[in-house]
Amino acid sequence: MFGLFQGKSGQAAMARQKTIRIGGASGFWGDAALATPQLLAGGDLDYIVYDFLAEVTMAILARMWTRDATKGYASDFVTASMAPNLAEIARQRVRVISNAGGVNPAACAKALRHEIAGQGLDLKVAYVTGDDLMEKIQSISESAPPDMFTGAAFPDPETIGSINAYLGAFPIAAALRSGADIVVTGRSVDSAVTLAACIDGFGWREGDLDALAGGALAGHILECGTQASGGNFTDWQSVGAGIANIGYPIAEVAQDGTFTITKPDGTGGRVSKGTVSEQMLYEIGDPQAYLLPDVACDFSAVEIREVGPDRVQVSGAVGHFVPDSYKTCLTWHDGFRSGQLFSFYGADAGAKATVFADAVLMRARAALTGMDVPDFSDTSVEVIGAAPGLPLAHEAVVKIAVRHPQ
C-alpha cells in the first residue's frame with residue numbers, strides 16, 4: 001500500500017512519451033550529494049532515482065529506529081539531496097523516486113513534507129509500505145529454513161531488529177499515477193525505482209514481460225551510480241583524469257524496454273561498452289534467471305553496443321514470468337564490533353606491528369577477565385604493507401578488529 005503526504009497541489013500525470021530520461025543519483029547511502037544538482041543542471045530529465053539501501057544499511061537503520069521511532073531512514077536524502085534542490089525539481093517538474101525510507105518511510109516522507117512546506121513549494125510526496133514483516137516474525141521463525149550458506153538456525157525472534165520483503169515497482173508506479181512528485185519506499189529491489197518510472201511513463205502492465213525485463217535492466221545499470229560511468233572500472237586507466245567530475249548515469253528508455261546509457265555533457269568519467277557490461281554482470285547470479293518481484297529476467301542474449309561518445313545502447317532483455325515469492329532481508333542483534341588502524345615506520349615495521357597487535361589483544365583480554373565478562377567472540381589482525389618477500393619493509397599498517405557479545 002502507499003500513503004500520501006500532500007503539498008499544496010499535485011502534479012498531473014506525465015504524458016506518455018516515446019522515450020523517457022532517468023538519472024541515477026545515488027548508488028549507496030552516503031553517495032555524493034553533488035549528483036542531484038549535476039543531473040538537474042545537465043540532464044533534461046523526466047525522473048531522478050536514488051538507491052540508498054544495502055543489507056548492512058538496513059541493519060544500521062533498524063538500530064537507529066530502535067533507539068528513536070522518528071528515525072530509521074536516510075536523513076541525508078532529505079537534508080542534502082532534496083532540500084537544496086527542491087525548488088529546481090519543482091521548476092523542471094522532474095519526478096523523484098527513492099528507497100531512502102529504509103525501515104521508516106513514513107517518517108522520511110513526513111520530513112520531506114515539512115521541508116517542502118517550509119520552502120512554500122507545490123510538491124506531493126507519497127510513501128510505499130508493506131515490506132515490513134516484523135508483525136509476522138513469530139510465524140516466520142517457526143517455518144523458516146536454515147541459513148542457505150552456513151546451515152545455521154533462524155535467529156531468536158527476540159534478537160531480530162528488522163525483517164523486510166523486497167517489493168517491486170508496481171506499488172511505486174501506483175503512487176506516481178496518483179499524482180505524487182516524490183515517492184519514498186522502504187526495502188525494494190534496487191532496480192524497482194527505475195522500473196517504476198518506466199511503468200509510469202509507458203503504462204506497462206504485468207504481462208509486458210520483455211519490456212519489464214528491459215526496464216529492470218536499465219535500473220540495474222543505474223543502481224550503483226557511477227559504476228556505470230567508469231567509477232569502478234577494471235580498465236580504470238582509460239577513464240582519464242576527469243573522474244574528479246565524474247558524470248552520474250542517465251538511462252534513455254524506449255517504449256519497448258530498450259535503452260541507452262549516457263551521462264550529462266561536460267562531465268568526467270566514461271560510458272562505454274566495458275563500463276556498462278561490467279555493471280550488468282554485477283551481483284546478478286544466474287544471467288538467465290535474475291529473479292525480481294515483477295519479472296524473471298534473462299540477460300544472456302543482451303546486446304550492448306556503443307552508438308556514440310559516452311552513449312551505449314542496450315537491448316535484448318527477455319522476461320519469462322512473474323515470480324511467486326519475494327526475497328527478504330533480516331537483521332538481528334548479534335553483539336558488537338570494534339576496530340582500529342595503527343601505523344608503524346622503520347626497519348622491520350611489519351614484525352613490530354604484529355608484536356604490537358598481539359600485545360593489544362593480550363592487554364584487552366586481561367581487562368575483560370578483570371571485569372568478569374566473556375572473551376571476544378572473534379578477533380582479526382591484518383598487517384598491510386609487509387609480506388614474507390619484504391621482511392624489512394619500512395612502513396606497515398596493522399588493522400585490529402574484535403567482536404564481543406556485550
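This is a predicted model: local features need pLDDT of at least 70, side-chain atom pairs count only at pLDDT 80 or more; totals for chains, interfaces and linings use all residues.
A search of the whole structure returned seven aromatic pairs. One of them joins Tyr-50 and Phe-52; the ring centres are 6.1 Å apart and the planes meet at 15°, so this pair is classed as stacked. The assignment follows because planes under 30 degrees apart count as stacked. Both members of the pair, Tyr-50 and Phe-52, are buried.

Phe-52 also pairs with Phe-77. Here the centres lie 5.7 Å apart and the planes stand at 75°, so the arrangement is edge-to-face. The angle falls in this class because the cut-off for edge-to-face is over 60 degrees. Phe-77 is buried, as is Phe-52. Taken together, Tyr-50, Phe-52 and Phe-77 make up one aromatic cluster, in which Phe-52 takes part in a stacked pair with Tyr-50 and in an edge-to-face pair with Phe-77.

A further aromatic residue, Tyr-166, has a charge over its ring. Lys-327 is placed over the face of Tyr-166, 4.6 Å from the centre of the ring.

Backbone geometry was examined next. Most residues other than glycine have a negative phi. Arg-93 is not a glycine, yet its phi is positive, near 60°. Arg-93 is located in the loop between α4 (86–92) and β4 (95–98). Asp-348, likewise not a glycine, shows a positive phi of about 55°. The loop that holds Asp-348 runs between β16 (336–345) and α11 (349–370). With a relative accessible area of 32%, Asp-348 is partly exposed, because this class covers values between the 20% limit for buried and the 50% limit for exposed.

A polar atom of the Gln-38 side chain lies 3.0 Å from the backbone oxygen of Ile-246. This distance qualifies as a polar contact because the cut-off is within 3.5 Å.

Conventions: Residues are numbered from 1 along each chain as its sequence is written. Side-chain values use heavy atoms; hydrogens and water are left out. Rings of Phe, Tyr and Trp (its six-membered ring) pair if their centres lie within 6.5 Å; planes under 30 degrees apart count as stacked, over 60 as edge-to-face and the rest as tilted. Buried means under 20% relative accessible area, exposed over 50%, partly exposed in between (1.4 Å probe, protein chains only). A charge sits over a ring if NZ of Lys or CZ of Arg is within 6 Å of the ring centre and within 35 degrees of the ring normal. Helices (H or I, at least four residues) and strands (E, at least two) are DSSP runs, numbered from the N terminus. A polar contact is a pair of N or O atoms within 3.5 Å; within protein, one must be able to donate a hydrogen and the other to accept it, and residues adjacent in sequence count only if both atoms are side-chain atoms.
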